[in-house]
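Below is a short report on one part of a protein model. The sequence and the structure come before the text.

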Amino acid sequence: MENIKSKIEILPLEEFEKLGLYKDGDLKIKPQDVESLLSGRRTDIISLKGLQVEGIEIEKLDAKLSLYRDTQENITLQIHPIYNKPQKHPLLTTDETDALISQQVNVISKMHKTKNDQIISINIEYDKETKDFVSYDPSRLPQIISVNGISLSEIQQDDFKKGKLIELHDGTKLQHSATDSQGILSDRKRLILSVLIDGGLSYLIFRELKNLWDNKNHQTEGLTKSYNETLAKIIYENKENLDKQYTVEDFQNLMDLSQKNNNQRYPSR
């Protein structure tokens with residue numbers, strides 16, 4: 001399985017170097033943050049030190065990072081600093097802004113005119129850590145076929161892309177979150193997603209997921225019957241490529257390193 005270092009070359013390394021995050025072939029951010037960047041999401045908060053911006057020296061700046069791809073596939077690094085007060089979004093009304101900030105709702109859909117004069121629907125979420133908004137095209141999210149081996153209906157697949165909460169028949173709950181570095185919140189810490197990519201199915205194994213934003217119950221570990229059965233199936237299907245001494249944990253670590261190659265990227269701002 002491909003190591004994460006083989007994917008670093010697609011990043012705008014010169015921009016990382018200016019931020020003090022890349023030097024002599026060493027990218028100085030966590031592998032989990034690299035995965036988030038390659039998957040089109042924001043990283044966790046990163047401390048940037050000794051910055052020079054337009055001749056002004058900034059001793060320290062805490063911010064999240066993301067990548068943006070334009071229509072020509074050019075990749076630029078986006079910096080999302082922590083603001084003192086919530087920023088405005090041009091498509092949101094005052095009531096909609098307040099609803100997102102107060103977490104009455106977690107996502108609002110709006111119609112948006114692109115630079116190519118296309119009218120598309122975009123989702124807008126509020127990042128309470130940086131106090132700004134994230135907008136993205138839900139049609140570019142990956143199509144999830146099943147979770148822990150449990151098939152999703154077309155309605156559930158569509159609801160996930162819209163940021164709505166979906167619940168499986170075994171009680172597992174999850175929803176998409178563009179503000180989270182892994183892109184998913186769940187009442188379970190562990191999930192295995194089967195995702196349709198380029199006409200084929202790929203498995204994505206998630207561990208240490210964050211709890212649902214409005215879940216008042218304690219988050220469970222997620223070692224459900226369906227999770228364990230699905231993990232056993234994946235291991236069995238890959239047995240010819242695995243060392244006989246590998247443990248389940250070793251296999252999960254290998255999957256963690258490879259799954260960013262299968263994640264769909266979408267531009268968020």
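**Basis.** The model is predicted, so local features need pLDDT of at least 70 and side-chain atom pairs count only at pLDDT 80 or more, while totals for chains, interfaces and linings use all residues. Residues are numbered from 1 along each chain as its sequence is written, and side-chain values use heavy atoms, with hydrogens and water left out.

An open sheet is built from 3 strands in the order 6-7-8, with antiparallel pairing. Strands are DSSP runs of E with at least two residues, numbered from the N terminus, and two strands pair if DSSP finds at least two bridges between them. Strand 6 (108-113) and strand 8 (132-136) are the edge strands, each pairing on one side only. From one strand to the next the twist averages 40 degrees; axes here are lines fitted to C-alpha atoms, and angles run from 0 to 180 degrees between N-to-C directions.

Strand 6 is joined to strand 7 by 6 bridges, and strand 7 (residues 119-127) is joined to strand 8 by 5 bridges. The table gives bridge partners and facing residues.

| Residue | Partner | Partner's strand |
|---|---|---|
| I124 | S135 | strand 8 |
| E125 | V134 | strand 8 |

The hairpin of strand 7 and strand 8 has 4 residues between the strands, with K131 at a positive phi near 60 degrees. Strand 8 is mostly covered, as 5 of its 5 residues are buried; buried means under 20% relative accessible area, exposed over 50% and partly exposed in between, with a 1.4 Å probe and protein chains only.

Strand 7 and strand 12 (173-176) each supply at least two lining residues, and strand 7 gives the largest share, 3 residues. By class, the lining has 5 nonpolar, 7 polar and 7 charged residues. Asp, Glu, Lys and Arg count as charged, Ala, Val, Leu, Ile, Met, Phe, Trp, Tyr, Cys and Pro as nonpolar, and the others, Gly among them, as polar.

**Loop residues.** K128 sits in the loop between strand 7 and strand 8. K128 counts as exposed because its relative accessibility is 58%. K128 and L100, 28 residues apart in sequence, are 9.4 Å apart in space, C-alpha to C-alpha.

R188 is found in the loop between strand 13 (184-186) and strand 14 (191-197). R188 counts as buried because its relative accessibility is 13%. The side chain of R188 makes a polar contact of 3.4 Å with the side chain of T172. A polar contact is a pair of N or O atoms within 3.5 Å; within protein, one must be able to donate a hydrogen and the other to accept it, and residues adjacent in sequence count only if both atoms are side-chain atoms.
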